[in-house]
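Thanks for sending this one over.

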Amino acid sequence: MYPENYRYTKEHEWVLADGGTGTVGITDHAQQELGDIVYVDLPKVGSHVEAGKSLGSVESVKAVSDIYSPVTGEVVEINQTLADAPESLNSDPHGAAWLVKIKLDSAEEIQNLMSSADYLSYIGAEK
Amino acid sequence: MIKKVTQHLSQNEPLLFERSSPGKKAYQLPELDVPAVDAAETLGAENVRKEIEGFPEVSEVEAIRHFTRLSTWNYAIDYGMYPLGSCTMKYNPRINEQVARTEGLAWAHPYQPESLSQGCMEIMWSLEEALAEICGMDAVTLQPAAGAHGELTGILLIRALLEKRGNPRKKILIPDSAHGTNPATAAIAGYAVENIKSSETGGVDLATLEQLVTSDVAALMVTNPNTLGVFENNIVRVAEILHKKGAMLYMDGANMNALVGIARPGDFGVDVMHLNLHKTFSTPHGGGGPGAGPVAVKKVLEPFLPTPRLRRSGKKLAFDFKRPRSIGRVKSFYGNFGVLVRALAYILAHGGPGLKNATMDAVLNAIYIRKALEPYFDLPYTSPSMHEVVFSDERQAKLGVRTGEIAKRLIDYGFHPYTVSFPMIVHGAMMIEPTETEGRAEIDLFIDAMISIAKEVETDPQMVKGAPYNTRTSKVDEVTAARKPVLRWKP
């Protein structure tokens with residue numbers, strides 16, 4: 001369910017580092033909690049985001065929630081398909097519905113994040 | 001068992017555009033008995049309005065039926081209990097309406113000279129005084145047009161004061177149980193928002209607060225009682241921690257219905273707060289408003305209040321526009337005057353003892369519901385609560401039925417739903433606020449309905465999930481409506 005090569009945050013985002021670039025999304029647990037997602041607000045390509053700070057928001061039928069960046073760096077690509085198909089965040093949050101790709105300022109930063117096993121026990125405890 | 005409603009006649013109604021047929025009119029004028037004049041020639045073509053294209057044409061009875069039918073599709077406090085938590089949907093006494101329609105008030109014009117507006121100004125003066133007394137504060141502005149507008153005004157006042165002291169500071173602290181408007185307000189006023197996690201009892205954790213309050217913090221925005229209906233027992237300590245570091249305490253007065261006549265925010269350390277007249281003081285709500293969100297402050301913030309300020313010399317009232325430190329106007333003219341009249345009517349009709357009684361009844365009603373429903377629904381925070389109670393859908397969710405679905409089933413029983421999924425700190429929240437309006441008979445009907453639904457969830461969860469059944473429209477597809485909204489009718 002939660003890929004082992006991803007890293008996870010307490011705010012329920014994931015990041016997959018590949019070379020100097022990190023792909024960021026929200027977790028399956030997050031989409032379940034949010035319910036049906038109807039709108040996604042993403043940063044501009046070229047903007048600089050900081051770990052722990054808001055990089056955008058997702059709106060579900062229940063609420064609007066901030067997305068916190070798991071890493072620090074420059075946004076190099078955003079997932080354009082989400083504008084027309086926000087529902088893919090509900091169906092494939094760990095895959096096709098990634099949010100942004102970030103050129104990492106530091107490759108070490110993701111070491112501070114949770115492994116899939118840690119994240120699983122974290123959401124288990126949260127419930 | 002459904003006791004309150006039965007199926008009744010509810011007629012379908014198309015849009016007025018769809019009813020239109022060319023040439024139909026709702027009026028008939030007598031034949032012209034003077035020579036006809038060409039308007040464009042006399043007034044100039046640029047001053048003559050063209051016909052509105054596609055404007056619907058219907059007869060008088062069709063227009064009347066159209067709007068009357070639409071009015072029967074609504075649910076209102078005038079039909080029955082409206083337990084929408086956090087919104088304080090109390091009955092709006094008709095005397096308020098009668099007073100607001102008094103000829104001299106209803107037809108007063110903001111450009112009337114002050115000498116001819118003394119009555120209106122006296123009303124505003126009296127309301128400012130009454131609200132200041134109720135809140136234990138020193139001065140009040142009536143200008144803001146709603147609660148969130150009041151919040152923004154209040155935070156701008158704090159910013160103005162801190163700026164004058166040399167540093168506006170950077171951050172506003174907000175508990176995670178807050179209304180969503182609080183962080184929005186802070187952001188619009190140019191502050192960064194820092195969240196404080198609620199303690200296990202649902203309050204502000206003092207140790208955490210002490211750590212977070214630095215010389216960067218401008219204020220804490222707190223709702224008291226908070227959105228769980230729980231009074232912040234440590235509020236005096238909270239104020240001390242902030243004041244020691246030169247930060248201010250802002251109180252969101254959305255839940256003042258639990259405090260009026262019993263406790264005064266000014267006495268427990270609040271520096272600035274707003275009130276929602278459309279909640280606590282029984283003026284019309286939201287779309288039926290307009291609203292009013294007066295802001296009450298301690299003396300130190302008074303010089304910064306919006307212009308103009310009412311000033312009294314002897315019996316005469318005047319507007320003071322010369323206030324160099326004011327943050328300026330936040331609303332055209334003097335606020336939503338008609339709403340202010342209604343609020344003062346409510347306050348005067350009740351008097352001090354009456355307002356206190358209303359508060360105690362509001363709290364009693366909520367606690368009565370809490371005790372009656374506790375055996376059937378999960379209560380995540382067990383601290384004593386005041387004017388509202390927040391259950392969670394945990395027990396029902398195990399059978400696949402969530403708070404939103406229970407709320408929809410409640411419609412079948414003839415009640416407006418409670419507040420769904422708020423506050424965010426309660427998973428699957430069901431937030432119930434009966435207000436003092438309800439007597440025991442209506443509350444017992446509500447309790448019966450909730451218990452009955454809890455039992456239905458156990459015996460037939462699928463049925464509950466399909467609700468509502470007694471409405472003119474069955475369950476609507478909220479998701480598609482939000483994802484692909486159709487905002488404009490086209491032929």
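1. Please keep in mind that this is a predicted model. For chain B, the secondary structure comes to 17 helices and 12 strands.

2. On overall dimensions, the C-alpha trace of chain B spans about 80 × 70 × 45 Å along its principal axes.

3. How much of chain B is buried? Of its 491 residues, 40% count as buried. The contacts in chain B are also worth a look: taking those with a separation of 6 or more, 72% are between residues 24 or more positions apart.

4. Now to chain A, where three strands form an open sheet in the order E4-E6-E7, with antiparallel pairing. The edges are held by strand E4 (37-41) and strand E7 (64-68) of chain A; each has a single partner strand, so one side of each is left without a neighbour in the sheet. On average, neighbouring strands of this sheet are turned by 25° against each other, direction ignored.

5. Within that sheet, how many bridges join E4(A) to strand E6 of chain A? E4(A) and strand E6 (residues 54-60) pair in the antiparallel sense over four bridges.

Note on methods:
Residues numbered from 1 in each chain as written. Chains lettered and ligands numbered in written order. Predicted model: local features only at pLDDT ≥ 70, side-chain atom pairs only at ≥ 80, totals over all residues. Helix = DSSP H or I, 4+ residues; strand = E, 2+ residues; numbered from the N terminus. Buried ≥ 20, exposed ≤ 12 C-beta atoms within 10 Å, placed from the backbone. Contact = placed C-beta atoms within 7 Å. Pairing = 2+ DSSP bridges. Axes fitted to C-alpha atoms, helices over the stretch in contact; angles between N-to-C directions.
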